[in-house]
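Here are my notes for you on this one. Have the fold open while you read, and go point by point.

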Amino acid sequence: SPPKLQTFRKISMAASVQSPCSKGAVDACPSLDATKSPNDKNCYRLIRLANGIEALLISNLDARKQKAACACSVQVGSFSDPAGRCEGLAHYCEHMIFLGSGRYPGEDQFEEFLSENGGDSNAYTECEYTCYYFQVNQKALHKALDMFAQLFHDPIFTKDSSARELQAIESEFQKKKRSDSVRSETLFASFASASHPWSLFGWGNLKSLQEEPASKGVELHSELLAFFKQH
């Protein structure tokens, strides 16, 4: 498994349009495009920005392709949850991070912009990473990228959104807990050593994120801010 990176600045991105390098960016693998299949019509470029972020750019000049997309993989997942304190916190952070930034404070501002421009977004939390992604019409990509980046640079994490997102996580849990694959995964996790992060309840629900922390004097919003600041 890849090592967990201790910062949200270490991410990888992919976009379906060509873009010039930003100031200070360098080619991280100049020969990358030469390694593709001769039947692959896409062009590839891996760049490293001055702040350490690596971005994989994927472009295609086919005029019929009208969509652009971006994915951001943050190598912090449910294995980083605070054990016995606020389990499911990484998943909760995934939900909360989409709800506005300092530059674009509207709770639904990003989603509304994507919807108005033929796009949408989603995310998922794994054990060692969390992936955020969106698609949008090509002409709206640069504005969408700025809005997307600001969610990681300066999320506002409003308390007003907390109850609704907690309920969304609880609903996901109730819907999935009857799945055979989820039950099998939970069973295997129960055999893990208590000191191993596989034993954590990474999915999260109202009990693990609200009820149990509250009984121990743990405040969820404070835990969220500390988690984001640490990682």
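**Notes on the strands, the core and one loop**

1. Let's start with the strands: S5 and S7 pair up antiparallel, over 8 bridges. Two strands count as paired if DSSP finds at least two bridges between them. Val74 has Thr130 in S7 as its bridge partner. (Helices, H or I with at least four residues, and strands, E with at least two, are DSSP runs numbered from the N terminus.)

2. A quick word on the source: this is a predicted model, where local features need pLDDT of at least 70, side-chain atom pairs count only at pLDDT 80 or more, and totals for chains, interfaces and linings use all residues. Residues are numbered from 1 along each chain as its sequence is written, and side-chain values use heavy atoms, leaving out hydrogens and water.

3. S7 also runs antiparallel to S6 (residues 120–125), joined by 6 bridges. Look for Asp120, which sits opposite Gln135 in S7. S6 and S7 make a hairpin, with 4 residues between them.

4. Now the largest nonpolar core, with its 38 residues: Tyr92, Phe110, Tyr132, Phe134 and Phe148 touch the most other members. Such a core is a set of buried Ala, Val, Leu, Ile, Met, Phe, Trp, Tyr and Cys residues joined through side-chain atoms within 4.5 Å; buried means under 20% relative accessible area, exposed over 50%, partly exposed in between (1.4 Å probe, protein chains only). H3 gives the most to this core, 6 residues.

5. Which loop holds Lys216? Lys216 is in the one between H6 and H7. Lys216 counts as exposed because its relative accessibility is 51%.
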